[in-house]
Amino acid sequence: MILITGGAGFIGGNFVHHWFERQRASSEPVVVFDKLTYAGNPVTIQKHLDSGLASLVHADIADRDAVRQALVQYRPRAILHFAAESHVDRSIHGPGEFIHTNMVGTFCLLEETRAYWSQLAEVDKAAFRFLHVSTDEVYGSLSDTDPAFSETTAYAPNSPYSASKAGSDHLVRAYHHTYGFPTLTTNCSNNYGPYHFPEKLIPLMILNALEGKPLPVYGDGLNVRDWLYVRDHCEAICQVLEKGRLGETYNVGGKNEVKNIDVVTTICRKLDALRPRAAGRYEDLITYVKDRPGHDRRYAIDPSKIEREIGWRPAETFTSGIDKTVQWFLDNDAWIDSVRSGAYRDWLNTNYQGRVA
Ligand code: NAD
Ligand code: TYD
């Protein structure tokens, strides 16, 4: 079986669905190891928990005893490490949790997994993999004319989030270099799709629009992100797990650079068609607000290494992926209700109340 940290979160949860759909008949079980923070929701993977093919360990990756116990109990052949604090704005308001989970937690997971791996039989040891899921934000910010990030672009993280992810990437690299620990790292661009927590741009805009609330665009709205449909990312991870070269990093992206304002207007037009407002067009709700401090201008991924070495290519375009995403949010009220707790409303006050239009 494989152990998935953060498997109740957005990408980890989609990965669990992808894993079982991809395997069809021969279903290798998974164990999800998750602290269930505000961003973790077991409802996302309930169907697989109910089927018995997925198990859930509710614990912190920084709790070494809990990690050790899970490794002894489940004896995974691979660790897929998704668990992280993942939202840039939250890292600006409170960086401590990011250092705890992304750096200390990754260290604890690496130490316990290395101890587990080192006592495996030779054949299991050779087959074992630790796949670290990371972000393109470790490379910093591009100007409009800079070439896209490649695997050799120098790290220059700008937010507490990206700095803590960069720290975790360096630890993973060092464990391969020093101990021969069998690591793989992926650095992916911005994901979007089903089960996306509505603090991030795309789900926040869809849900605010449906409620007739302002659509808060930071700064001039011209920042660029390179969007990838989440299932394309999940498939890339499966393929890197199968075919990746040990110790290597792979950049994952869909060559879909879009300005924030264009993302928001695309969502508005989609909603105009699917669920027209009585009170006018959704674009009327767009509100420019105070910029994010240290806001990275542009991210872009050069995916040529993963295309060439692994043969991965995304299946979705930005248009087809946004269509699926908007439709999913229209169809899944129960999931949306399950994540919008009082804590979520507190976050909206913390992040948006001080931003003068
Ligand atoms: P998310 O915030 O939606 O989910 C994170 C999950 O990790 C949650 O289930 C949470 O409960 C769990 N978690 C947090 N702290 C934990 C801890 N200490 N111990 C155990 N579990 C813990 O994040 P996501 O968007 O699904 O991102 C998953 C991974 O992918 C992260 O490592 C992130 O850096 C990376 N990534 C995300 C994106 C993106 O666009 N969302 C892009 C590239 C890479
Ligand atoms: P986000 O989804 O938080 O991802 P990241 O910061 O990791 O790229 O934000 C995507 C872009 O959207 C980013 O440039 C910030 C911008 N943004 C807004 O303009 N308004 C918002 O309310 C949010 C959450 C993000």
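Which residues are the closest to ligand 1, and how many surround it? The shell holds 28 residues, and the closest are Ile 11, Asp 34, Ser 86, Tyr 161 and Lys 165; a residue is counted as near if one of its heavy atoms lies within 4 Å of the molecule. Before we go on, please keep in mind that this is a predicted model, in which local features need pLDDT of at least 70, side-chain atom pairs count only at pLDDT 80 or more, and totals for chains, interfaces and linings use all residues. Residues are numbered from 1 along each chain as its sequence is written, chains are lettered from A and ligands numbered from 1 in the order in which they are written, and side-chain values use heavy atoms, with hydrogens and water left out.

One of its oxygen atoms sits 2.7 Å from an N or O atom in the side chain of Ser 86. For Tyr 161, a polar side-chain atom is 2.7 Å from an oxygen atom of ligand 1. The backbone takes part as well: a polar backbone atom of Lys 35 is 3.0 Å from a nitrogen atom of the ligand. Ligand 1 taken alone exposes 830 Å², of which the protein buries 97%, with areas from the Shrake-Rupley method and a 1.4 Å probe. Helix H1 (10-23), E5 and H7 are the elements that give two or more residues to this shell, and E5 gives the most, with three.

Now move on to ligand 2. Its surroundings comprise 18 residues, the closest being Glu 137, Arg 225, Arg 292, His 295 and Tyr 352. An oxygen atom of ligand 2 lies 2.5 Å from an N or O atom in the side chain of Arg 292, and an oxygen atom is 2.7 Å from a polar side-chain atom of His 295. On its own, ligand 2 has 510 Å² of accessible area, and the protein covers 97% of it. Helix H8 (201-210) and strand E8 (215-218) each give two or more residues to the shell, with the largest share, three residues, coming from E8.

Finally, find Ser 150 in the loop between strand E5 (129-135) and helix H7 (160-179). Ser 150 counts as buried because its relative accessibility is 18%, and buried means under 20%. Leaving aside residues up to four places away in sequence, Ser 150 touches Tyr 139, Asn 251 and Asp 302, where contact means heavy atoms within 4.5 Å.

Definitions and conventions:
Polar contact = N/O pair within 3.5 Å; in protein donor to acceptor, adjacent residues only side chain to side chain. Helix = DSSP H or I, 4+ residues; strand = E, 2+ residues; numbered from the N terminus. Buried < 20%, exposed > 50% of the residue type's maximum accessible area, 1.4 Å probe, protein only.
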